[in-house]
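Let's take a walk through the charged pairs in this one. Have the model open and follow along.

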Amino acid sequence: MAGPAMIENRTFDEIEVGDIASVTRTLEPEDIQLFALVSGDVNPAHLDAEYAATDMFRHVIAHGMWGGGLISAVLGTQLPGPGTIYLDQSLRFRRPVSPGDQITASVTVVEKRAEKKILILDCRCTNQHGEDVITGQAQVIAPSEKVRRPRAELPDVRLNDHDKYRRLMELAGGTDPVPTAIVHPCSEAAITAALDAAQAGLIAPILIGPEAKIKAAATAASRTIDGFRIVPVAHSHAAAAKAVELVRTGEAQLVMKGSLHTDELMGAVVSSTTGLRTERRISHAYVMDVPGRPTPLIITDAAINIAPSLEDKADIIRNAIDLAHVIGMEAPKVAILAAVETVNPAMPSTLDAAALCKMADRGQISGGILDGPLAFDNAVSDAAAREKGIVSAVAGHAEILVVPSLEAGNMLAKQLTFLGGADAAGIVLGARVPIILTSRADSLRTRLASCAVAVLMARAATLAAPGLPKSPSA
């Protein structure tokens, strides 16, 4: 068994004039963000593509000292290595470094001064075309004693820059705000969520609830509701009923949960006589921004269907596929989760998964690529899927995760949120209009993402996008 990687210096006596050492690194966008995070240098030339397009280089470039750091790395780890004392460094920046550039940093010993064990080294960074991007000279005190140590293992750092949510906001922007029934916004969190979404240009709130409580909540939140329509009703139950009525009359195109329990809101929505049901089963989905994943991850159902039947799961998948389409996934990869990746008659979730895949084969579920049963690891990890010998277009690349029960979905989403640094934007699908579910614990970013997703769904419905559910009376 191989031992740990080692790092070893070269003492002053071991070093000769003309000795060279180098390191090569390809600049990734994440490197620029990490350097900005550590240094505090948030110059828009390095981080803002829109601004950078107007400056002399016309695109984002790396901080100059990123390349300087590579030179320091060679001096500190190779030549001379551990025990080196930096005395002086000159740098001349000759060309910009852009994401994707492969930079080789090298140092060459040009002089030894024995009286103080000082080395003078020429320093150079070149790109993949052999062009100099940095030149300079370093002066260091070389170590006199030999050092050989295990190479330190660095932490696995992942950046969550919320690009996925920003893209959703950009997709949802640029049109008139969508009239939205805000159900019982009688807490600071609820009124703030509605007004933040209005300020972002996503929704036009219709505030439904006891007028005195709505105004008191706005005052407590230090927000003004002047100019917003208030529909006064006596209590939260009446607010839910009124919101449904406004949708049925065409005055509202979205519903947003305020400070009432989800069950109370959904009771009005699923009413067989006055509700917002369609031919589809109503279901919930989280659109999750998970660090390290290039696209949003949809998890369904984590809030509405406690123990969905096979028929329920088919509609849950159809709803999730429609959602995936409006956020830019043309043929979303759908993983139907279970504890194992093989069909086991003793585990009903695996039988449902197999049946759902066959339904997709027969065209009963369309618009996505289904596979299951899949365990969570081989649904999201290509390495785990290969280890199990699973050959599948979905395994390792899932974009929609269909859980076997509400409990499983709720725990999965909250684990990703509280242990994995993910954000979870919640929405209810399958009703006549999308329903925005927010939580007091949601960040502003998450609340706005939930609204953006709902706006995209409402816009798709207005444009009569194929596959969206229709009401029974339509």
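**Salt bridges, pair by pair**

Start at glutamate 341, which is partly exposed with a relative accessibility of 24%. Keep in mind that you're looking at a predicted model. The partner here is lysine 388: the two side chains form a salt bridge, 3.4 Å from N to O. This pair links distant parts of the chain, 47 residues apart, with lysine 388 in the loop between α13 (382-387) and β16 (400-402) and glutamate 341 in the loop between β14 (333-337) and α11 (348-361). Lysine 388 is partly exposed too, at 44% relative accessibility.

Now hop over to helix α7. Where do glutamate 211 and lysine 215 sit relative to each other? They are four residues apart in that helix (residues 211-220), so about one helical turn separates them. Glutamate 211 comes out partly exposed at 32% relative accessible area, and lysine 215 is partly exposed at 42%.

Next, find arginine 148 and glutamate 8, whose closest N and O atoms lie 3.4 Å apart in another salt bridge. Arginine 148 belongs to strand β7 (residues 148-150) and glutamate 8 to strand β1 (residues 6-8), so this pair ties together parts that are 140 residues apart in sequence. Is arginine 148 buried or exposed? It's exposed, at 52% relative accessible area, whereas glutamate 8 is partly exposed at 37%.

Zooming out, the model has 21 salt bridges in total.

Key
Residues numbered from 1 in each chain as written. Predicted model: local features only at pLDDT ≥ 70, side-chain atom pairs only at ≥ 80, totals over all residues. Heavy atoms only, no water. Salt bridge = Lys/Arg side-chain N within 4 Å of Asp/Glu carboxyl O. Helix = DSSP H or I, 4+ residues; strand = E, 2+ residues; numbered from the N terminus. Buried < 20%, exposed > 50% of the residue type's maximum accessible area, 1.4 Å probe, protein only.
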